[in-house]
Every structure is written in C-alpha cells, then in structure tokens.
Amino acid sequence: QRRTVGEAAEKLVNTAPVVGRQGDDCLAGSPSTCSAPCAPKWLVVDASATFDPDGDPVLVQWEIVSGKGSLETTGGLITELQIPGPVGNCSFGTVNSTMTIVRVTATDCSGATGVSEIVVLYECSVSL
C-alpha cells in the first residue's frame with residue numbers, strides 16, 4: 001500500500017524479504033593417517049531464491065555464527081564456505097565431526113530483514 005506525496009509514493013506497509021536458500025548439508029572425508037585431519041572442504045552456499053514480496057531491492061549478507069570455517073565473501077546471493085577437516089580416527093565405528101552454522105540475512109531498502117541458517121556437518125572417519 002502506498003500514499004502519494006507530491007510525485008513520490010510513500011510506502012505504508014512493508015513486508016520483509018524471504019530468504020530462499022539451499023538445505024542443510026553433510027560432508028564426509030577420510031584422513032590420510034589416523035591422527036591427521038581430513039582435508040578442508042569447499043561448499044557453495046546459495047541463497048539465489050531470495051526475494052522481496054514488495055519488489056524492493058534486497059541486500060544479502062552471510063556470516064558464520066557457530067563452528068569453524070571461512071567465507072569467500074560475506075555479500076551476495078552465492079558464496080563459498082571452506083570448512084577445515086576434523087581430526088580422523090582409526091577406531092572402528094568412531095566418527096569425528098565438526099558442525100558449522102552459516103546465517104544468511106536479507107535486508108530490503110526499508111530495513112526489514114529475513115534470516116535463515118544453514119547447518120553443515122563434516123564427518124571424518126576411516127573407511128574399513
């Protein structure tokens with residue numbers, strides 16, 4: 001809903017953006033030796049389905065809120081997440097893992113925000 005003031009239209013109601021993102025993910029790896037960490041993994045994180053119901057422009061920001069990792073960039077619809085490998089283990093049935101939570105926030109030009117989180121689990125074990 002808009003009200004016209006002169007030639008500009010003032011927005012009376014603003015709806016927050018909707019974050020459209022990929023699902024949670026699980027990665028797996030094997031260490032080169034029993035006490036070595038698994039190799040780091042890269043994962044593309046994607047929020048390209050994000051939209052604003054009012055048609056407003058949207059700014060998308062990424063941040064790691066829990067766990068280890070680094071982001072290639074903190075802005076944009078798509079970025080890459082690097083997760084360091086957890087330490088391996090040679091005991092049968094033992095899996096070492098690390099969990100990283102990445103938050104994606106979409107903000108429209110009126111300041112309304114939509115937020116979602118992606119959980120990535122990285123499991124490191126020896127295949128027997």
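Start by selecting Val44: with a relative accessible area of 44%, Val44 is partly exposed (buried means under 20% relative accessible area, exposed over 50%, and partly exposed in between, with a 1.4 Å probe and protein chains only). You're looking at a predicted model, where local features need pLDDT of at least 70, side-chain atom pairs count only at pLDDT 80 or more, and totals for chains, interfaces and linings use all residues. Residues are numbered from 1 along each chain as its sequence is written, and side-chain values use heavy atoms, leaving out hydrogens and water.

Together with Val44 they make a nonpolar patch on the surface, with about 250 Å² of accessible area. Patch members have over 30% relative accessible area and no salt bridge, with like charges joined within 9 Å and nonpolar side chains (Val, Leu, Ile, Met, Phe, Trp, Tyr) within 5 Å. A salt bridge is a side-chain nitrogen of Lys or Arg within 4 Å of a carboxyl oxygen of Asp or Glu. The areas come from the Shrake-Rupley method with a 1.4 Å probe; for residues, only the protein chains shown count as cover.

Next, show the cartoon. Val44 sits in strand 4 (strands are DSSP runs of E, at least two residues, and helices runs of H or I, at least four, numbered from the N terminus). Which residue of strand 7 is the bridge partner of Val44? Pick Glu80. Strands 4 and 7 run antiparallel, joined by six bridges; two strands pair if DSSP finds at least two bridges between them.

Time to look inside. The largest nonpolar core has 18 residues, and those touching the most other members include Leu27, Trp62 and Val120. Such a core is a set of buried Ala, Val, Leu, Ile, Met, Phe, Trp, Tyr and Cys residues joined through side-chain atoms within 4.5 Å. Strand 9 gives the most to this core, with four residues.

Zoom in on Val120. Beyond its neighbours within four places in sequence, Val120 is in contact (heavy atoms within 4.5 Å) with residues including Asp25, Leu43, Ile83 and Met99.

Finally, zoom out. The protein chain has zero helices and nine strands, and 30% of its 128 residues count as buried.
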